[in-house]
Amino acid sequence: MSEDELYREQILEHYKRPHNFGELTPHDLEAFEQNPLCGDELGVHIQVDDGRIADLRFHGHGCAISQAAASIASDELKGMPLDQAGSLSADWMIDLLGIPISPTRRKCALLNLKVMRRAITGDSGWPTGVG
Amino acid sequence: MPQAASTRQPAAGLAEGGAPASLAVREDFPILARRLQGRPLIYLDSASTSQKPAVVMQAMDEHLRAHNANVHRGVYALAQEADAAYEGARATIAGFVGWEPESTIFAKNVTETINLVAYAWGLDNLAAGDAVLITEMEHHANVVPWQQICRRTGAELRYLHVDERGELSSGELAQELARGDVKLVAFAHVSNVLGTINPVAEMTATIRDAGAISVVDGAQAVPQMPVDVRALGADFYAWTGHKALGPTGIGVLHGRREILESMEPFLTGGDMIAAVDFQRSTWNELPYKFEAGTPPIAEAVGLAAAVRYLAGLGMERVRAHEQELTARMLKALAEVEGLSVVGPPEPQRRGGLASFTIEGLHPHDIAELANREGVCVRAGHHCAQPLMRRLGVGSTARASVGVYTEPREIDALAAALRKGREVFGL
């Protein structure tokens, strides 16, 4: 299992026990997104304090890659200034995941950034980057 | 393979004359000789698109090399050859499902044929107070056009429910029709997710008695079982070439002639007209009235070769083969821990596919893990999001078989799924 490039222990660990999953009541920002290819759904609740992400929760369902990406990113996003969080690139997420992401799984990995960006800026496009 | 096949008993009542259920036609499909990532290709996604036998490619190649010209316009000899090839293909394709060529229309795919009926029939025959009835098991191709046409006309869109076995209820169909407002009922012959085979002839009879018209999506049926459109009694029956061993780019619509004649055209432009004046035009006869622009000529030639190939195998044998594989697949999948199959449990009530979920393993990951073993399966909502909602799942993985599928490939799928569970520590 240790030689598995995609399903590394760390990825599976985040998939099975995701960090910051659930809902936040009350919350200041929220958004909900679907990956139209596979029907995965991911929502986010964000509490804002002094222009920064004070706390956040993701919720929804998806594959190991989309869920692990949301979980791993959530740890980094806490405390991040909103404007920075709203403009994170695809490369930021792919680098953070640290696993080879094929073109077909790219949207799985980026779904959490997409939903978070929508919550912060209202922009519903996919994050861009070389990947 | 042939030796093994000859000892196998075909399912009772399915294969005629004791024909073997296993078809042993693998060598006819060039792509199946490919290796991917060092492994033989195990293609279990035929419900998405079938692989093509060499005879289909040869027929298209031969047509383009020797007989290519536009149709219905030229007086020169080559154009007459192209006409003969295209109209000959239409006759072959229509005959394959027991319909007449004059009311057999070629379009781009099933989606376009259903849009044709929705717009060309629906815009003039539906209004506020009318209802269109579809089912919860429809592919988006048989959902979204009806949503749009109902919005445009003010008609109501209602759904027949899918029960926990993945089947429709004839009682509910009768109840809906008894409300008196249903003008059109559209439903799949075989569900692309559940595999359910709907009782088409029984349903179309009920629909006709209620004065409504029927539209049947036969995309998953024509490739794998004998289909006699006349016996099925549908007013419209649609299917597509690329799932039936033919090329992409050609969909087929069989329609009842008097209804087609009463309809305005769908797409307009070249070839579908009789005469064009500055302000108005008159329409060509059937089927050309519904084929605007240059049609899929080489594709029709390819599809004709495909249905000749299928007819050569014998559709009763194809059905027996797919049923045998489906039974094997249902049994093999049931032995994988944590796996649930959706749809009817009996292989004889379903087409050659199985959609499933595995506890703790998302369908996307199932497809990824299967791919590592060279097994191609699909993951997602299969263009049936309303059904996914009804089943209470976000998505499923789906394995589907074709005429070239062999029992060992089903076993390879089951082994890949077991291995996948291990990767996830399940």
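Mentor: Start with axes: they are lines fitted to C-alpha atoms, for helices over the stretch in contact, and angles run from 0 to 180 degrees between N-to-C directions. Helices are DSSP runs (H or I, at least four residues), numbered from the N terminus. This is a predicted model, with local features needing pLDDT of at least 70, side-chain atom pairs counting only at pLDDT 80 or more, and totals for chains, interfaces and linings using all residues. Residues are numbered from 1 along each chain as its sequence is written, and side-chain values use heavy atoms, without hydrogens and water.

Trainee: How do the axes of α4 and α6 of chain B cross?

Mentor: Helix α4 (residues 110–120) and helix α6 (residues 144–153) of chain B come within 9 Å, at roughly 15°. Angles under 35 degrees count as roughly parallel, so α4(B) is roughly parallel to α6(B).

Trainee: What makes residues of α4(B) and α6(B) a contact?

Mentor: Heavy atoms within 4.5 Å. Among those that meet are B:Ile114 and B:Tyr119 in α4(B), and B:Trp146 and B:Arg152 in α6(B).

Trainee: Which domains make up chain B?

Mentor: Domain 1 (2–52 + 316–423) and domain 2 (56–311). The bounds come from an automatic or database domain assignment. Their contact takes 39 residues from domain 1 of chain B and 32 residues from domain 2 of chain B.

Trainee: How much area do domain 1 and domain 2 of chain B bury between them?

Mentor: About 2800 Å², 56% of it on carbon and sulfur atoms. Buried area is the accessible area (1.4 Å probe) that two parts lose on being put together, summed over both. B:Lys52, B:Leu387 and B:Arg390 supply 20% of the area that domain 1 of chain B buries against domain 2 of chain B.

Methods:
Chains are lettered from A and ligands numbered from 1 in the order in which they are written. Helices (H or I, at least four residues) and strands (E, at least two) are DSSP runs, numbered from the N terminus. Angles under 35 degrees count as roughly parallel, over 145 as roughly antiparallel, 65 to 115 as roughly perpendicular and the rest as oblique.
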